[in-house]
Amino acid sequence: MTTHVTRARLGALAALMAAALLSGPATATAAPSQNGLDNGIERHVPAHAASAAAYWTEERMRSAIPADVLVADNARAAKNANPGKVVEAGQPQRVQAQKPKATGLSPISHVGKVFFTLGGGNYVCSGNAVSSANELTVSTAGHCVNEGGGAYASRWIFVPAYENGRAPYGQWTATELITTSAWANSGDISYDGAFAVMAPLNGRTLSDTVGATGVGFNLSRGLAYDAFGYPAARPFNGETLQGCTGTARPDPYNQTLSQGIPCDMTGGSSGGPWFTQGLQNSVNSFGYSGVRNTMFGPYFGTAIQQAYQAAAN
């Protein structure tokens, strides 16, 4: 059974469409952080912010490459994984599939596509508007803002409720990108979470325009999740929202702190939200070649909570 990580076969999941649009900051904590790490954050002001919206034409959005290619795979990803405290001992076990096939969904106002430029290439991810004091915060994956121990993205925009080239709520431009130090400095996939602060659009905040979901940290493991995203790699085309649902299981190889849920989403759904108990509690992050139809997401503990707090305020 291989321990190599694929190029982040990211996925998104199905069912919680109307879950908890909260008007004010909404976070939840329960029990001490299970990742035991307080490793700081990294902040970055993306280049070309002023011209980002004009740059992202419909043609460029359709031709953007799924950002899973930016996630180091195989030996490098395994090397950089920091398992910390072992979550579960024993022999590796495949995550049992529970309706792993994604379902096409109607657009959800606060879930959308993310577009950015990095290293001269144009890339696409997914994201979600989360409740925050500034009403301008978007959650996504760390590798959708930084390539992991390397360069940061530029021309970063969020397009809520994207569908077939349509942007009903406009294109929102990021003024700041924030991720964990563990991801930005060494590409540790266990901490592949990030947040973007958006500029107001037409005099309005993001939350006032599309709503925002609560976000939870340090919750129990093994919860049931509904997650969403815009997979763009085959057999999907990135033009419509997709979703799956299932119960989270530990990393079967114990080489990361991430959890896996059953889903066949592909690249482009990176950064799409996972919801449980009406709160966002992870994002689509990566997949293993030896564990089919399973999407893994980082545990939302202390490290990712710090990134959220820095972005939200």
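## A predicted chain, from its totals to its details

Buried residues account for 60% of the 313 residues in the protein chain. The model is predicted. The chain holds six helices and 18 strands. Its accessible surface is about 11,200 Å², and carbon and sulfur atoms own 48% of that area. Now take the contacts between residues at least 6 apart in sequence: 80% of them join residues at least 24 apart.

Helix H6 spans residues 302–312. How many of its 11 residues are buried? Eight are, so the helix is mostly covered. Among them are Ile304, Gln305 and Tyr308. Several alanines are buried too, including Ala303, Ala307 and Ala310.

Two bridges connect E14 to E15. In one of the pairings, Pro250 has Gln259 of E15 as its bridge partner.

| Strand | Residues |
|---|---|
| E15 | 259–262 |

**A proline in a loop.** Pro235 lies in the loop between strand E12 (224–229) and strand E13 (241–247). Is Pro235 buried or exposed? Pro235 counts as exposed because its relative accessible area is 72%, and the cut-off for exposed is over 50%. Pro235 and Asp264 are 29 residues apart in sequence. In space, their C-alpha atoms are 9.7 Å apart.

Conventions:
Residues are numbered from 1 along each chain as its sequence is written. This is a predicted model: local features need pLDDT of at least 70, side-chain atom pairs count only at pLDDT 80 or more; totals for chains, interfaces and linings use all residues. Side-chain values use heavy atoms; hydrogens and water are left out. Buried means under 20% relative accessible area, exposed over 50%, partly exposed in between (1.4 Å probe, protein chains only). Helices (H or I, at least four residues) and strands (E, at least two) are DSSP runs, numbered from the N terminus. Two strands pair if DSSP finds at least two bridges between them. Contact means heavy atoms within 4.5 Å. Accessible areas come from the Shrake-Rupley method with a 1.4 Å probe; for residues, only the protein chains shown count as cover.
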